[in-house]
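I opened this entry to record what I looked up in the chain. The notes go from definitions to the sheet and its helices, then to totals.

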Amino acid sequence: MSTQIFTEAWLAGPKATQFYTRTYTPANNSPPKAVVVFIHGFAEHIGRYTHFHPLLTSRGIAVFTYDQRGFGLTGQDTTGKKSKTSAYGKTSWKDQMLDIDWALGHAKKSFEGVPIFLMGHSMGGGEVLGFCTQGEKGPYKSTLGSISGVISTSPLIMTTTPAPKFQMWIGAKLSALLPATLIPVGVKAEQLSHDPEVNNAYLKDPLVKQSGSLKGVSDMLTHGEKVLQNDYINWPKSLPVLILHGTEDKVTSHKASETLQAKLPAESKKLSLYEGGFHELQNEPNGVKEKLADEIVAFIEEHLSKPSSAASAVPTETVQSPETPVEPIPPTEASVQPTGRGYGLTAQDTTERKSKASTYGKTSWKDQMLDIAWTLGHAKKYFEGMPIFLMGYSMGGGEVLGFCTQGMKGPSPLYSLSGIISTNTPEIPDMDCRHT
């Protein structure tokens, strides 16, 4: 096999976090038939897949992957490239879902028109399954329409030897109080694979630690079980899934994978068990890793028909909104543009999306001030930590000026605005500018 070259980059992701990333592309700049967004496992990093990802690119499949929040170089870089707020183990399920959504958006933009497959291993395998079972009210529901299939290897749905329920309950309570506190979480190297060289390298790897944060570990264990017990029902029926697991995995339970596969309502689903396989199938010798790659490639090629194979699972009324980020790098300023109350689709939509009480022109100054306050609150939440500017045109220009002259006793907070822009503003003779 010819040597495949990857490109590495530090990319700005959610919550102003810098992520160490790698992109593998087919040799000779050949256009990829598909792209895999890969999510690694607990306490490891993407550098441990340098030998495996080329097995996919050699078959015409690109790979975009990143060191997860709190792990690898994203959490431990010492050259000044990681975010100041990043630290080893500092993560949560909520943040991991946000990061996956960002990575999918990056892949969609970087490989425009190419089918996207979501793949994860171990903890990452549990995460990709969880991402796809978020349900009708999930914040990233529309992103599922861009995924052509899901691949999960040795997913952490349950550990092979589950922790006592009481211990997990105590851990959940402590994680709320001391989320970033590190606790020992040992993984025996000899249980990873049948290749002693790989196992020894794992023990000597400076980016691998035998610990995790209270919040990260608690979320990892509880949400995996949640997928198995409840959330599986939310899996989009038209989203294909492939689960691969070794029968001698002493880290994550292959029996839990069997149970989940049977429960998932997916029309196309497959469970592939590797008899005698340990936890890291991608590191197993004697042709196992090659067989694993073959199965993954075959699954991808089977579902290449359309980049959006799960689209029918997303309701047609779903529209892209600021709650579902698709750009890989956050903008430098917040930009949210709602249609004003009483105008545009907010008042005149004919597809039953508007409120029944909304009609053309039905508005008031009081309601307009309330709507501006809501919009600013939305922008502050979505573009956390970014400067916010308020801008209006014509009547809207007058509204933004009026909003900012409400005075100290005004009902609407100004949300630490960085500036106001008003264009073509109509004359407002009675405006009190003393509070500007």
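I take contact to mean heavy atoms within 4.5 Å. My axes are lines fitted to C-alpha atoms, for helices over the stretch in contact, and angles run from 0 to 180 degrees between N-to-C directions. Helices (H or I, at least four residues) and strands (E, at least two) are DSSP runs, numbered from the N terminus.

This is a predicted model, in which local features need pLDDT of at least 70 and side-chain atom pairs pLDDT 80 or more, while totals for chains, interfaces and linings use all residues. Residues are numbered from 1 along each chain as its sequence is written, and side-chain values use heavy atoms, without hydrogens and water.

I looked up helix α9 (residues 288–302) and found that it lies across β3, β4 (61–66), β5, β6, β9 and β10, at about 170 degrees to β9. Helix α4 (residues 123–131) lies across β3 (34–39), β5 (116–121), β6 (147–153) and β9, at about 135 degrees to β5.

Next I traced the sheet. Eight strands form an open sheet with mixed pairing, in the order β1-β2-β4-β3-β5-β6-β9-β10; two strands pair if DSSP finds at least two bridges between them. β1 (6–12) and β10 (269–274) each have a single partner strand, so one side of each lacks a neighbour in the sheet. I noted an average twist of 20 degrees from one strand to the next.

Which way do β9 and β10 run? They run parallel, and six bridges join β9 (residues 241–246) to β10. Isoleucine 243 has leucine 271 in β10 as its bridge partner.

Last, I counted 12 helices and 12 strands in the chain.
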